[in-house]
Amino acid sequence: MLEVHLEARSERFDEDDDRWRSQVLLLHTALDEAAGPLERRFEPVPGTKGALSDMVLHLTGPGIVAGVVAGLTAWLKRDRGRSVRLTWTVDGRCGEFTVTTTTSDNDTLRSALEHGLRAAAGAATTVDETADPNGVPGD
């Protein structure tokens with residue numbers, strides 16, 4: 001099973017702004033509905049009262065990938081200043097993909113996530129030499 005870590009970002013709001021937190025909660029709700037419950041991991045931050053929250057998507061098949069793509073796309077379209085950073089590790093190889101409304105489309109996002117899913121399932125037994133360093137499949 002592929003674990004994809006999700007980090008929502010904004011050009012307009014600080015991470016601790018209540019308005020931003022409510023927008024991120026809407027993203028999590030949309031992804032919960034589209035792809036199943038998100039796993040939330042909390043790690044204490046030394047010197048602060050709070051904890052860093054790590055959101056994890058468990059991609060178990062193409063249907064879940066389609067749900068994640070739909071949820072992310074809908075959420076991103078609401079504000080041009082939003083982006084989502086997705087990261088994963090498969091067999092010691094890291095992949096990263098940042099999704100914005102202006103630099104990505106559904107097909108690119110779906111392709112990147114499916115590439116990671118295939119690698120996690122063992123379908124790719126060697127490193128894909130056509131992939132770029134961010135884990136995005138080549139042409």
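Mentor: A crossing is left-handed if the near helix is turned anticlockwise from the far one by less than a right angle, and right-handed if clockwise. Before the case itself, some ground rules. This is a predicted model, in which local features need pLDDT of at least 70 and side-chain atom pairs count only at pLDDT 80 or more, while totals for chains, interfaces and linings use all residues. Residues are numbered from 1 along each chain as its sequence is written, and side-chain values use heavy atoms, with hydrogens and water left out.

Trainee: Which helices and strands does the chain have, and in what pattern?

Mentor: Helices (H or I, at least four residues) and strands (E, at least two) are DSSP runs, numbered from the N terminus. Here the chain has three helices and five strands, and along the sequence they follow the pattern β-α-β-β-α-β-β-α.

Trainee: How is the packing of α1 and α2 described, and what is the handedness of their crossing?

Mentor: Two packed helices are described by the angle between their axes and the distance between the axes. Axes are lines fitted to C-alpha atoms, for helices over the stretch in contact, and angles run from 0 to 180 degrees between N-to-C directions. Helix α1 (residues 18–35) packs against helix α2 (residues 62–76) at about 155 degrees, with the axes 8 Å apart. That angle makes α1 roughly antiparallel to α2; angles under 35 degrees count as roughly parallel, over 145 as roughly antiparallel, 65 to 115 as roughly perpendicular and the rest as oblique. The crossing of α1 and α2 is right-handed.

Trainee: Which residues make the contact between α1 and α2?

Mentor: Contact means heavy atoms within 4.5 Å. From α1 come Trp-20, Gln-23, Val-24, Leu-26, Leu-27, Leu-31, Ala-34 and Ala-35, and from α2 Ile-64, Gly-67, Val-68, Gly-71, Leu-72 and Trp-75. For classes, Ala, Val, Leu, Ile, Met, Phe, Trp, Tyr, Cys and Pro count as nonpolar, Asp, Glu, Lys and Arg as charged, and the others, Gly among them, as polar. The contact of α1 with α2 has eleven nonpolar, three polar and no charged residues.

Trainee: Trp-75 is in that list; is Trp-75 buried or exposed?

Mentor: Buried means under 20% relative accessible area, exposed over 50%, and partly exposed in between (1.4 Å probe, protein chains only). Trp-75, in helix α2, has 2% relative accessibility and therefore counts as buried. Leaving out residues up to four places away in sequence, Trp-75 touches Ala-8, Trp-20, Gln-23, Val-24, Leu-26, Leu-27, Arg-82, Ser-83 and Val-84. Of the 139 residues of the chain, 37% count as buried.

Trainee: How many salt bridges are there?

Mentor: A salt bridge is a side-chain nitrogen of Lys or Arg within 4 Å of a carboxyl oxygen of Asp or Glu. By this rule the count comes to six. One of them joins Glu-7 and Arg-9 at 3.4 Å, N to O. Glu-7 is partly exposed, because its relative accessibility is 31%, and Arg-9 is also partly exposed, at 32%. Another joins Arg-85 and Glu-7 at 3.3 Å, N to O. That pair links distant parts of the chain, with Arg-85 in strand β4 (residues 82–90) and Glu-7 in strand β1 (residues 2–10), 78 residues apart.

Trainee: Where do Asp-79 and Arg-12 lie?

Mentor: Asp-79 forms a salt bridge with Arg-12, the closest N and O atoms being 2.8 Å apart. Asp-79 lies in the loop between α2 and β4 and Arg-12 in the loop between β1 and α1, so the pair ties together parts that are 67 residues apart in sequence. Asp-79 is buried, with a relative accessible area of 12%, whereas Arg-12 is exposed, at 58%. Salt bridges that share partners join Glu-7, Arg-9, Arg-85 and Glu-96 into one network.

Trainee: Which residues does Thr-100 touch?

Mentor: Thr-100 is found in strand β5 (residues 93–100) and counts as buried at 17% relative accessibility. Not counting residues up to four places away in sequence, Thr-100 touches Leu-76, Arg-82 and Ser-83. Phe-97 also lies in strand β5 and is buried, with a relative accessible area of 9%.
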